[in-house]
Amino acid sequence: MEYEDFDIVVKNFMVITKNDSCLVTASDIWEEYNKHPFTKGIECGTFNKEKFRYYLI
């Protein structure tokens, strides 16, 4: 049974907000996004600015 009303989703008698539901649904995608070389480069400081500049222009 599923019931949606404004910002609350009820699934199997467990109440979670729609925001939490979206976070759970997208968690695998978010995890892979954070492993991407571009993202890791920004995080680690190994980001190649010239390649990014070429991409933008």
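Before you start clicking: in this tour, "contact" means heavy atoms within 4.5 Å. Keep in mind too that what you're looking at is a predicted model.

**Whole chain.** Start with everything shown as a cartoon. You'll find 3 helices and 3 strands, and going along the sequence they come in the order β-β-β-α-α-α. Of the protein's 57 residues, 7% count as buried.

**H1 and H2.** Next, select residues 18-35 for helix H1 and 37-44 for helix H2. A pair of packed helices is described by the angle between the axes and the distance between them. Here the axes come within 5 Å and cross at roughly 60 degrees, so H1 and H2 are oblique to each other.

**Where they meet.** Show side chains for Tyr33, Asn34 and Lys35 on the H1 side, then Pro37, Thr39 and Lys40 on the H2 side; these are the residues in contact. Colour them by type and you get 2 nonpolar, 2 polar and 2 charged.

**Threonine 39.** Stay in H2 and zoom in on threonine 39. Buried or exposed? Threonine 39 has a relative accessible area of 14%, and the cut-off for buried is under 20%, so threonine 39 counts as buried. Leaving out residues up to four places away in sequence, threonine 39 touches Tyr33 and Asn34.

**H3.** Last stop: select residues 49-56, helix H3. How many of its 8 residues are buried? The number is 0, so H3 lies largely in the open. At the start of H3, pick asparagine 48: one of its side-chain oxygens reaches to within 3.0 Å of the backbone nitrogen of glutamate 50.

How values were computed
Residues numbered from 1 in each chain as written. Predicted model: local features only at pLDDT ≥ 70, side-chain atom pairs only at ≥ 80, totals over all residues. Heavy atoms only, no water. Axes fitted to C-alpha atoms, helices over the stretch in contact; angles between N-to-C directions. Helix = DSSP H or I, 4+ residues; strand = E, 2+ residues; numbered from the N terminus. Parallel < 35°, antiparallel > 145°, perpendicular 65-115°, else oblique. Nonpolar A, V, L, I, M, F, W, Y, C, P; charged D, E, K, R; others polar. Buried < 20%, exposed > 50% of the residue type's maximum accessible area, 1.4 Å probe, protein only. Polar contact = N/O pair within 3.5 Å; in protein donor to acceptor, adjacent residues only side chain to side chain.
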